[in-house]
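Student: I have a model open and would like some practice in reading it. Could we go through it feature by feature?

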Amino acid sequence: MKKLLLLLFIFGGFSMLQAQEQYNDTKGFRAGFAAGYLLEIESIGGSIDLIYQIDNKWSIANTNLFTVNELPNKERLKWFTSDLNARYNVFDEFYVLAGGQFLNQTLIAKTYIGGFESGEQTIGSANFGANIGAGYIYHLLSNANVFVELKYTLLANESEPLQSSSYLQARIGMVFDL
């Protein structure tokens, strides 16, 4: 009888721990980092992610991505993007997202006189746009997760350095429950 009671208490304790763990996964903050590939400028960048999980279906995510790309003639293009997206879990850990984005571009062009570099010219522009996309989160440990995400951004105005109004971004990274 004592062994049976001990077994019931152990089972009850594990059930309570599991219920507590599931509750922690559905609400709260997450933070992480990722590597992303921007198809428009063919460059890899790094991002920092902050996510607030409202419930088991809805979350709000902020992504800040920075990338630098070397262009022909030794020009350099820097992109900084900041997103704010609403995410909805469709099935299991597969989610769709929609939101807005701020894009700041800086083109650093070198000027040459007689074949020698004489200086740099910086051209900057800023645009706002809208995002749509999808992603998947895979739980590695109780507080560590791996995610993949594909996002399409449509910009409000034509960007001067690239003469484009939209681009595709793919990311893979890790996010941690706080």
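Student: What pattern does the chain follow, read along the sequence?

Tutor: Keep in mind that this is a predicted model. Start with the order of the elements: the chain runs α-β-β-β-β-β-β-β-β. That gives 1 helix and 8 strands.

Student: How much of the chain is buried?

Tutor: Buried means under 20% relative accessible area. Here, buried residues account for 32% of the chain's 178 residues. As for the accessible surface, it comes to about 10800 Å², and carbon and sulfur atoms contribute 66% of that.

Student: And what share of the contacts join residues at least 24 apart?

Tutor: Take the contacts between residues at least 6 apart in sequence; 53% of them join residues at least 24 apart.

Student: Let's zoom in on a residue. Is Ser47 buried or exposed?

Tutor: The cut-off for buried is under 20% relative accessible area. Ser47 counts as buried because its relative accessibility is 4%. You'll find Ser47 in strand S2, which spans residues 43-53.

Student: Which residues is Ser47 in contact with, leaving aside its neighbours within four places in sequence?

Tutor: Look for Gly32, Phe33 and Ala34, then Thr63, Asn64 and Leu65, and finally Arg171. With Arg171 there's a polar contact as well, side chain to side chain, at 2.7 Å.

Student: Now His139. Where is it found, and why does it count as partly exposed?

Tutor: His139 sits in strand S6, which covers residues 116-139. Partly exposed is the range between under 20% for buried and over 50% for exposed. His139 counts as partly exposed because its relative accessibility is 31%.

Student: What is His139 in contact with, setting aside its neighbours within four places in sequence?

Tutor: The contacts of His139 are Arg30, Glu93, Ala144 and Asn145. Have a look at Asn145 in particular: its side chain and that of His139 are joined by a polar contact of 2.4 Å.

Student: How far apart are His139 and Val175 in sequence and in space?

Tutor: Count both ways: His139 and Val175 are 36 residues apart in sequence, and 9.5 Å apart in space, C-alpha to C-alpha.

Notes: Residues numbered from 1 in each chain as written. Predicted model: local features only at pLDDT ≥ 70, side-chain atom pairs only at ≥ 80, totals over all residues. Heavy atoms only, no water. Helix = DSSP H or I, 4+ residues; strand = E, 2+ residues; numbered from the N terminus. Buried < 20%, exposed > 50% of the residue type's maximum accessible area, 1.4 Å probe, protein only. Contact = heavy atoms within 4.5 Å. Polar contact = N/O pair within 3.5 Å; in protein donor to acceptor, adjacent residues only side chain to side chain. Areas by Shrake-Rupley, 256 points an atom, 1.4 Å probe, with all protein chains shown as cover.
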